[in-house]
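Work through the exercises below with the coordinates loaded. Each task is followed by its solution in steps.

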Amino acid sequence: MAAVGKVYLVGAGPGAQDLITLRGARILGEADVVLYDALVTDEMLDLCRQAVLISVGKRAGQRSADQSAINAQLVACASQYGRVVRLKGGDPMLFGRADEELTALEELGIEVEVVPGITTAVAAAAATKQPLTKRGVARSVAFFTSSTAPGHPDEPAIPSTDTLVQYMGGREAIATAQRLLDQGRRPETPVVVIDNVSRPDQHISRITLATLAHGLDARKGPVLVMLGEAMAARPNQPL
């Protein structure tokens with residue numbers, strides 16, 4: 001294969017169009033073809049209407065494009081187009097399958113550039129006005145998910161840090177809460193649940209770990225769970 005194109009792994013951020021970086025927006029505006037995730041919003045795609053748009057959506061628990069098929073599409077597009085964009089929700093390097101795509105492209109000598117994006121946890125902290133760290137209360141943060149590669153059991157271990165942020169936490173709410181209670185976390189530990197971060201249908205819930213152990217109501221978008229003493233509402237903070 002004579003690869004003539006360059007591939008960009010671009011982070012779209014949490015959803016709102018104006019939360020993509022200037023570099024990411026510029027590269028989208030110059031793209032010949034864009035392969036985009038299911039979590040990428042229509043308003044984000046408005047930045048690249050000049051390009052060929054290919055949906056390679058991947059949603060947890062739903063039928064979606066196989067990662068090896070996405071890798072093959074990226075390689076094929078690099079032989080056809082000059083500027084190929086792989087557009088991912090959040091940041092490409094955090095729960096974004098970037099390792100597999102980088103490896104597939106680099107093995108064939110295809111030039112790749114990674115453009116970072118705002119990861120959902122940081123956007124959620126801003127949306128809720130809830131810092132992930134707090135002097136005297138929380139000095140460590142962990143981002144984690146229980147989902148693993150096909151054929152591998154879900155990871156039961158939970159990081160031991162002051163503030164925990166669980167991506168794709170809706171389906172795992174009960175199991176996560178129970179493990180934390182078993183590890184000695186207080187039932188009254190504050191929890192903030194936010195779905196569809198930065199989008200018009202964003203929804204924020206403030207509960208406790210004990211309540212989380214009973215599960216969450218059905219959610220219609222990606223769910224992020226932030227947990228720890230730093231999640232306590234500040235005095236006079238609007239809820």
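**Exercise 1: the largest cavity**

The largest cavity has a volume of about 40 Å³. Task: find which residues line the largest cavity and how they divide by class.

Solution. The model is predicted: local features need pLDDT of at least 70, side-chain atom pairs count only at pLDDT 80 or more, and totals for chains, interfaces and linings use all residues. Residues are numbered from 1 along each chain as its sequence is written, and side-chain values use heavy atoms, without hydrogens and water.

Step 1. A volume is the space filled by probe spheres set on the points, which are joined across faces, edges and corners.

Step 2. List the lining: Phe 144, Leu 164, Gln 166, Thr 176, Leu 180, Leu 212, Val 225 and Leu 227.

Step 3. Sort the lining by class: six residues are nonpolar, two polar and none charged. Ala, Val, Leu, Ile, Met, Phe, Trp, Tyr, Cys and Pro count as nonpolar, Asp, Glu, Lys and Arg as charged, and the others, Gly among them, as polar.

**Exercise 2: the second largest cavity**

Task: state how much space lies in the second largest cavity and what lines it.

Solution. Step 1. The space is about 40 Å³.

Step 1. The lining consists of Ala 12, Gly 13, Pro 14, Gly 15, Leu 39, Val 40, Thr 41, Met 44, Gly 89 and Arg 199.

Step 2. By class, five of these residues are nonpolar, four polar and one charged.

Note on methods: On a 1 Å grid over the protein atoms alone, a cavity is a set of points where a 1.4 Å probe fits but cannot get out, and a pocket is an open set with protein on both sides within 12 Å along at least five of seven lines; lining residues have an atom within 4 Å of a point.
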